[in-house]
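Subject: Handing over a structure

Dear colleague,

I am passing the structure below on to you, and after it you will find my notes on what turned up. Please read them with the model open beside you.

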Amino acid sequence: MSRHTFAGTAGVSVAIGWDRPLDTFYVQVSRPDPEDEGERETFVWEGTSPRELATAAAAIAVAAPHAELPADLASTLETDRLKTLGSFDGPAQRAARRLLRDGNS
């Protein structure tokens, strides 16, 4: 899994990366929680289902309204994905895949 974090305006934080077990890019956007000092409230979280955000461009489109992102982010994310091509699931990841597969049947 990769994770790149960027600051937006008004305390917003954007995390974007590659999740190999789910075979998807993901985006999390959070802000300070006004009701719980020191905590953060996530108000955008995409890429939680297998292959939900299949391309770096799809993830960037979700993240872009919330922070200024570097011009080379798509190539960075694609490199993150490519680095995982030779990786294999461990026992916990295989079990999670079975749960996802069987739970969606």
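Which side chain meets that of R31 in a salt bridge? The partner is E41, with N to O at 3.0 Å, where a salt bridge is a side-chain nitrogen of Lys or Arg within 4 Å of a carboxyl oxygen of Asp or Glu.

Before going further, please note that this is a predicted model, in which local features need pLDDT of at least 70 and side-chain atom pairs count only at pLDDT 80 or more, while totals for chains, interfaces and linings use all residues. Residues are numbered from 1 along each chain as its sequence is written, and side-chain values use heavy atoms, with hydrogens and water left out.

The strands form an open sheet of four in the order β1-β2-β3-β4, with antiparallel pairing, where two strands pair if DSSP finds at least two bridges between them. The edge strands, each pairing on one side only, are β1 and β4 (40-46). Between β1 and β2 there are four bridges, and the bridge partner of F6 in β2 is V14.

V14 belongs to the largest nonpolar core, which has 19 residues; such a core is a set of buried Ala, Val, Leu, Ile, Met, Phe, Trp, Tyr and Cys residues joined through side-chain atoms within 4.5 Å, and buried means under 20% relative accessible area, exposed over 50%, partly exposed in between (1.4 Å probe, protein chains only). The helix α1 gives the most to this core, with five residues.

In α2, L73, L77 and D80 are buried, and they lie on the same side of α2 because they cover an arc of only 55° around the axis, the arc being that of the directions from the helix axis to the C-beta atoms. The buried residues of α2 pack against β1 (4-7), β2, β3 and α1, with contact meaning heavy atoms within 4.5 Å.

With best wishes

Notes. Helix = DSSP H or I, 4+ residues; strand = E, 2+ residues; numbered from the N terminus.
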